[in-house]
Amino acid sequence: MKQVLNRLLFAGALLALVSHVSAQTDAPPYAQAVDAGAVATVHPLATQAGMNALAEGGNAVDAAVAAAITLGVVDSHNSGIGGGAFVLIRTAKGELFAIDGRETAPMAAHRDMFVIEGVADTRLSQMGPLAAGVPGSVAAYELAMQKAGALPYAKVLLPAASLAEQGFAIDRIFAGRLARSAERLAQFPGSAEILLDPEGNPWPKGHTLAQRDLANTLRAIAKEGSGYFYKGAFAKSVGDWMAANGGVLTAKDFADYSVVERKPITTSYRGYTLVGFPPPSSGGVHTAQILGMLEAFDLKSLNDGDRYHVIGEAMKLAFADRAYWLGDPAFTKVPKGLVQSDYIGRQAARINMDSVLDVTGPGTPKDVDVDLFAKHTTHIAAADKWGNWVAITTTVNTDFGSKVIVPGTGVVLNNQMDDFSVQPGVPNVYGLVGTEANSVQPGKRPLSSMTPTIILKGDQPVMTVGAAGGPTIITQVVQAIVNHLDLGMPLDDALAKTRIHQQWRPDMLFIEANMPAGTRQILLNKGHKLKEMGPYGSTQAIAWVDGKWVAVSEPRLAARNKD
Ligand code: DON
């Protein structure tokens, strides 16, 4: 079992993490800051698209959406309009918006759709026609721009369409992702036609990948709005293909999709206000919980080993809650008590400085029936001179999502159905387990770890951060905040510092390989089961420091993209 979990965690999540690395070239860089604002993404062309939007009079919302749409062209193994997105905005006027463009399960989906003769078959939730939910990104970006953008949607879609038509040079990481997915992509003619050469081999690094169908789809959305995607020719093409290929997603599922505006979670942390994304993201709840528990400790005065111990224990308690309590709030009762300070304080009091805690299950917050949140990924950080700050995390889930491109559309469809708990206790590709709260139900949104976050001091934003990497998203975000705001590290050092990850099951403390022996020994002495992993993660952040923007894209990217 342990071996399976490790394989899942490493083969899935952690190797997928490496996919978030895109080319780091001298120019243009993948994080840029000028007086007008700042943008950080995992691809220089996407960052440049965001900067171009700013140069054309757009604000941070336009810049972030331009970057997101461009990532779908140049980084389609991670994200694109065939996937979903969470958009978190703090406007210059101080309004907060949380726009939920998460996928929904088709109406013909059901609890046991991935269970064959009593056994969950995660191949079906991870690849092919049954793996995809209705993509929400197109609607989420449209709504974000209507609410808080300065430019029309078409203005950010059309440059991405031109780039799709002209093509871009495949970098080492994209080529690696293609090579690893080639056999599976080959099973879908629409995908093979674009992503493989005529002999069926993956395109190599340096090949100029032109995507004419994707260009046409982006242009049609620019012309007709999201109606083209949800109620027009795109939805019909997908529905027809699904019907002919054993899928259950229909044009009506697309027509019924609705983007949801939610109330961000705001909690306080050591004098800051954390603004996080509510369920179906688990990110906002668990960053609030983990940081809230950490507030009971003077992190600055601890040595690295003791500090990692406390952080790892807080992560474990939070992830045990995740597995039980969290799901789409329209379908399951997610108690608000999870982020209330009395509950968090009680959980923090369970942490023992000398030894690890045996966490056997979730905690018990207050009012669990009545006080409710009822109603391979990428992160984009953007901010502008007017005071708009934007955090978008968006994904098709694992590399090239379901591997399906419906012929004629150019759009990689997600495999977000695997983020449901396909059978209680059966781990998904990230080794995450869940229960009924996150079971498959028609129209339901799968639980997500995506954690777009904005942090205020008083009413002024001081930092925005988010990441890619399944459940490690939450723990990357926590560590970026602790390192920068609590330990006072410069933002690039805060992101570069050795990371840990604890997700309750498997009950192990994952550590980056460069953790010094002395620190490991402190953790071993307290009873942690350590599991080493290579450098991982993909965090993007922007901070306002001494009257200047500091924009940082994952410091580990450069080393990973070296030939
Ligand atoms: O929403 C989620 O939690 C996942 N679909 C995120 C996937 C991800 O970060 C892929 N990167 N490794």
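Between domain 1 and domain 2, seven residue pairs are in polar contact, both residues being at pLDDT 80 or more; a polar contact is a pair of N or O atoms within 3.5 Å, where, within protein, one must be able to donate a hydrogen and the other to accept it, and where residues adjacent in sequence count only if both atoms are side-chain atoms. The side of domain 1 that touches domain 2 draws at least two residues from each of α1 (2–18), β1 (31–34), β2 (37–40), β3 (84–90), β4 (96–101), α7 (172–185), β12 (378–384) and β13 (389–395), and α1 gives the largest share, eight residues. Helices (H or I, at least four residues) and strands (E, at least two) are DSSP runs, numbered from the N terminus. By residue type, this side of domain 1 divides into 30 nonpolar, ten polar and eight charged residues, with Ala, Val, Leu, Ile, Met, Phe, Trp, Tyr, Cys and Pro counted as nonpolar, Asp, Glu, Lys and Arg as charged, and the others, Gly among them, as polar.

This is a predicted model, in which local features need pLDDT of at least 70 and side-chain atom pairs count only at pLDDT 80 or more, whereas totals for chains, interfaces and linings use all residues. Residues are numbered from 1 along each chain as its sequence is written, and side-chain values use heavy atoms, with hydrogens and water left out.

The domain bounds, which come from an automatic or database domain assignment, are 2–259 + 377–418 for domain 1 and 262–375 + 452–560 for domain 2, and the C-alpha centres of the two lie 26 Å apart. In contact (heavy atoms within 4.5 Å) are 48 residues of domain 1 and 49 residues of domain 2. The area buried between them is about 3600 Å², of which carbon and sulfur atoms give 77%; buried area is the accessible area (1.4 Å probe) that two parts lose on being put together, summed over both. One salt bridge is found across this interface, a salt bridge being a side-chain nitrogen of Lys or Arg within 4 Å of a carboxyl oxygen of Asp or Glu.

Elsewhere, three strands form an open, mixed sheet in the order β16-β17-β18, where strands pair if DSSP finds at least two bridges between them. β16 (500–501) and β18 (530–533) are the edge strands, each with a single partner, so one side of each has no neighbour in the sheet. Strand β17 (residues 509–512) runs parallel to β18 and is joined to it by four bridges, with Glu-512 opposite Met-533 in β18.

Two peptide bonds are cis, as tabulated here.

| Cis peptide bond | Omega | Loop holding the second residue |
|---|---|---|
| Pro-279 to Pro-280 | near 20° | between β11 (272–276) and α13 (283–294) |
| Arg-505 to Pro-506 | near 0° | between β16 and β17 |

Arg-270, although not a glycine, has a positive phi of about 45°, and Arg-270 lies in the loop between β10 (265–269) and β11.
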